[in-house]
Amino acid sequence: MGFREVKRSKSTKPLHTIAIINQKGGVGKSTTTVNLAAALGKQGRKVLIVDFDPQGNSTSGIGVDKEGLTQCIYDALLHDVPAENLIHDTVSERVFIIPATIQLAGAEIELVSAMARETRLKDLLEPVKDEFDFIFIDCPPSLGLLTINALAAADSVLIPIQCEYYALEGVTKLLESMRMVKGRINKDLDTYGVLMTMYDSRTSLSNQVVEEVQNYFGDIAFKTCIPRSVKVSEAPSYGMPVIEYAPSNKGARAYMDLAKEVIRRA
């Protein structure tokens, strides 16, 4: 079914374009992008994922075969292919994706000489954004030109933070980059929420990190924490969100709870 045949929810609230971002790798950006999108789809919201990471983990993690793609987000950024030509169905109901492949790795360099290089993604999404309740941009683990494009296109950011000893390391630099973009390119950029991932309630370290993050960010921190789970880790290898792969799993339940929080904040 084409994305235009699936209607947005009847909610009168505005859509949200959210960059899921942390310059540290391995914190659960792609996992959160895919599973939160799937959870929102289950709750009647129409979601577009924009895979903006050359690794393409969101693309493969929601059932799109990267090897079979002839075009991806790279072609939109550098060759002006319209976004609507790149939107694919996924294994999750009401969830669509603009995929990424390793080609995107070259975009960082090629965009340097491009006109309006910081707003290419924003301009690309403009013709289709009203079709969706939420647009999630899965950002690369860096603060380069791709990430600047994501921040320029987004209304807000969602920051996944792993429950580990150096959890807040680098977040200060990320917030500085956000302030720079807010001051120069996107004055409306805001923080949608901070999400604790890979949480293990049995360890004092996880609980200490959650307390530290909640003290630092206050109400911006989501109440839901995403637990460590083998099923969450396994699901991408089957090209499925954990909500489809193991719906009764604690990780799937946590993402459903997170989706409810996200809707309440919308």
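Contact here means heavy atoms within 4.5 Å. With that settled, some notes on the model.

1. First, the ground rules. This is a predicted model, in which local features need pLDDT of at least 70 and side-chain atom pairs count only at pLDDT 80 or more, while totals for chains, interfaces and linings use all residues. Residues are numbered from 1 along each chain as its sequence is written, and side-chain values use heavy atoms, with hydrogens and water left out.

2. Start with Thr17, which sits in strand β1 (residues 16-20); helices (H or I, at least four residues) and strands (E, at least two) are DSSP runs numbered from the N terminus. Setting aside neighbours within four places in sequence, Thr17 is in contact with Ile135, Ile137, Ala153, Ala154, Asp155 and Ser156. Thr17 has 4% relative accessibility, so it counts as buried (under 20% relative accessible area; exposed is over 50% and partly exposed in between, with a 1.4 Å probe and protein chains only).

3. Next, Thr147, a residue of helix α6. Thr147 also counts as buried, because its relative accessibility is 1%. Neighbours within four places aside, Thr147 is in contact with Ile21, Pro140 and Ser142. For a sense of scale, Thr147 and Tyr245 are 98 residues apart in sequence and 30 Å apart in space, C-alpha to C-alpha.

4. Now the helix pair. The axes of α6 (residues 145-153) and α7 (residues 171-184) come within 10 Å and cross at roughly 55°. That makes α6 oblique to α7. Axes are lines fitted to C-alpha atoms, for helices over the stretch in contact, with angles from 0 to 180 degrees between N-to-C directions; under 35 counts as roughly parallel, over 145 as roughly antiparallel, 65 to 115 as roughly perpendicular and the rest as oblique.

5. What meets what between these two? Ile148, Leu151 and Ala152 in α6 meet Met178, Met180 and Val181 in α7. By class, the contact has 6 nonpolar, no polar and no charged residues (Ala, Val, Leu, Ile, Met, Phe, Trp, Tyr, Cys and Pro are nonpolar; Asp, Glu, Lys and Arg charged; the others, Gly among them, polar).

6. Finally, the cores: sets of buried Ala, Val, Leu, Ile, Met, Phe, Trp, Tyr and Cys residues joined through side-chain atoms within 4.5 Å. In the largest nonpolar core, of 60 residues, Val50, Ile73, Leu121 and Ile161 touch the most other members. Helix α6 supplies the largest share of this core, 6 residues. Apart from it lies another core, of 34 residues, including Ile18, Val64, Leu69 and Leu258.
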